[in-house]
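Subject: Structure handover

Hello,

Here is the structure for your files. Please open it alongside this note; my findings follow below.

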Amino acid sequence: MKNNAQTTYTIGQLARAANVGVETIRYYQRRALLPVPHTDTGFRSYPVALAERIRFIKRAQELGFSLDEIAHLLLLEDSNDRSAIRDIASERLEQVRAKLHDLHKMEHMLSQLIHQCASSSAQAKCPIIGALTTQAI
């Protein structure tokens, strides 16, 4: 019985399988996140497994990793250096926590300004506009 499992994709098939555009694949190749297959025929064949690598890159971007960090993670994955991978993820977590802290401060300040605006006299300048025109809030 013949096995019909596809082992390679064209760039368009790879893009569809990974749910990205062809230009995304080309960009990742320029950034050395994906290999550029060599060809003698003018048609490049991409291993089916690259779709998974592209999905990894997209998920890592969604978590806030830069493409440079993702490239480093991919190198570390190949070496199976879990400690270094954990270190990079820990740095990202600290950055996320710092952003959350800043967002909570912004939420608190905006909430106060909205309350002040609602409770101030109609003749007074809106506290929101006043706060946004000063250098330090």
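A word on burial before the residues: buried means under 20% relative accessible area, exposed means over 50%, and partly exposed lies in between (1.4 Å probe, protein chains only). This is a predicted model, in which local features need pLDDT of at least 70, side-chain atom pairs count only at pLDDT 80 or more, and totals for chains, interfaces and linings use all residues. Residues are numbered from 1 along each chain as its sequence is written, and side-chain values use heavy atoms, with hydrogens and water left out.

Overall layout

The protein chain has six helices and two strands. Both are DSSP runs numbered from the N terminus (helices H or I, at least four residues; strands E, at least two). Their order from the N terminus is β-α-α-β-α-α-α-α.

The C-alpha trace spans about 85 × 35 × 30 Å along its principal axes. The radius of gyration of the chain is 24 Å, whereas a compact globule of 137 residues would have one near 14 Å. That radius is taken over C-alpha atoms, and the globule rule is 2.2 Å times the number of residues to the power 0.38. Of the 137 residues, 23% count as buried.

Charges: there are 17 positive and 14 negative side chains, and the centres of the two sets lie 6 Å apart. Lys and Arg count as positive, Asp and Glu as negative; His and the chain ends are not counted. Each charge is placed at NZ of Lys, CZ of Arg, CG of Asp or CD of Glu.

Gly 21 sits in the loop between helix H1 (11-18) and helix H2 (22-30). Gly 21 counts as partly exposed because its relative accessibility is 36%. Gly 21 is 10 residues from Ile 11 in sequence, and their C-alpha atoms are 9.3 Å apart in space.

Gln 29 lies in helix H2. Its relative accessibility is 11%, so Gln 29 counts as buried. Leaving aside residues up to four places away in sequence, Gln 29 touches Leu 34, Pro 35, Val 36, Pro 37 and Tyr 46. Contact here means heavy atoms within 4.5 Å.

Arg 92 belongs to helix H5 (residues 82-119). Arg 92 counts as buried because its relative accessibility is 10%.

Best wishes
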